[in-house]
Amino acid sequence: MACIFCDILDGKLDAHVVYEDKDHIAFLDKYPIDEGHTLVIPKKHYERITDMDSDDVGKIFSLIPKIAKAILLGAGADAFSLAQNNGKAAKQIIPHVHVHIIPRYNNKGTEWTKRQIPSSDELSKLAQKIKNAI
Ligand SMILES: [Zn+2]
């Protein structure tokens, strides 16, 4: 089955990568709920977190503090939310496990679901700032 995230991993689609290691990659969401919204994914394709073994789940979540701190610094955010959806009814859009890190800003309010469409240039600059902070 075609998977957009596997296409990113295969280099068929571009992404604004902020972090990468042997088993994981993190990149900016193209339709962020807030500026700096990042997705952290395992390189191996799993549809749901319940398909992964618990060691692998532990590994991906152990990366979250490091990446979240860099987002706060790089994007100038004040706080962040985590989300991890499993299955269509839970609003999982891409069927490849991903953890959302959604930065929050004191001066912007707290709308949960509104998406934005920044330019590729904006995303690229922001990705660089976050990468520099990791
Ligand atoms: Zn995939």
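Author: This is a predicted model. In its largest nonpolar core, which has 21 residues, Val18, Leu28, Val40, Ile67, Ile101 and Ile130 touch the most other members.

Reader: Which elements give two or more residues to this core?

Author: They are E1, E2, helix H2 (54–75), E5 and H3. H2 gives the most, with eight residues.

Reader: What does Val40 touch, not counting residues up to four places away in sequence?

Author: Val40 touches Ile25, Ala26, Ile60, Leu63, Ile64, Ile67, Val97, His98, Val99 and Ile101. Another core, of eight residues, lies apart from the largest one; among its members are Ile8, Phe27, Leu39 and Ile94.

Reader: Why is Phe27 called buried?

Author: Buried means under 20% relative accessible area. Phe27 has 3% relative accessibility, so Phe27 counts as buried. Phe5, with a relative accessible area of 5%, is therefore buried by that cut-off too.

Reader: What does the pair tie together?

Author: Phe5 lies in helix H1 (residues 4–9) and Phe27 in strand E2, so the pair ties together parts that are 22 residues apart in sequence.

Reader: How do you know that the charged end of Lys108 sits over the ring of Tyr105?

Author: The rule asks for a distance within 6 Å of the ring centre, and for a position within 35 degrees of the ring normal. The charged end of Lys108 is 4.2 Å from the centre of the Tyr105 ring, and it is listed as sitting over that ring, so both parts of the rule hold.

Reader: What is the order of the strands in the sheet, and which strands are the edge strands?

Author: Five strands form an open sheet in the order E1-E2-E3-E5-E4, with antiparallel pairing. The edge strands are E1 (17–20) and E4 (79–83), as each pairs on one side only. From one strand to the next, the twist averages 20°.

Reader: What makes E4 and E5 a pair?

Author: Two strands pair if there are at least two bridges between them. Five bridges join E4 to strand E5 (residues 99–104), so the two count as paired, and they run antiparallel. Leu82 stands opposite Ile101 in E5.

Technical notes:
Residues are numbered from 1 along each chain as its sequence is written. This is a predicted model: local features need pLDDT of at least 70, side-chain atom pairs count only at pLDDT 80 or more; totals for chains, interfaces and linings use all residues. Side-chain values use heavy atoms; hydrogens and water are left out. Helices (H or I, at least four residues) and strands (E, at least two) are DSSP runs, numbered from the N terminus. Axes are lines fitted to C-alpha atoms, for helices over the stretch in contact, and angles run from 0 to 180 degrees between N-to-C directions. Buried means under 20% relative accessible area, exposed over 50%, partly exposed in between (1.4 Å probe, protein chains only). A nonpolar core is a set of buried Ala, Val, Leu, Ile, Met, Phe, Trp, Tyr and Cys residues joined through side-chain atoms within 4.5 Å. Contact means heavy atoms within 4.5 Å.
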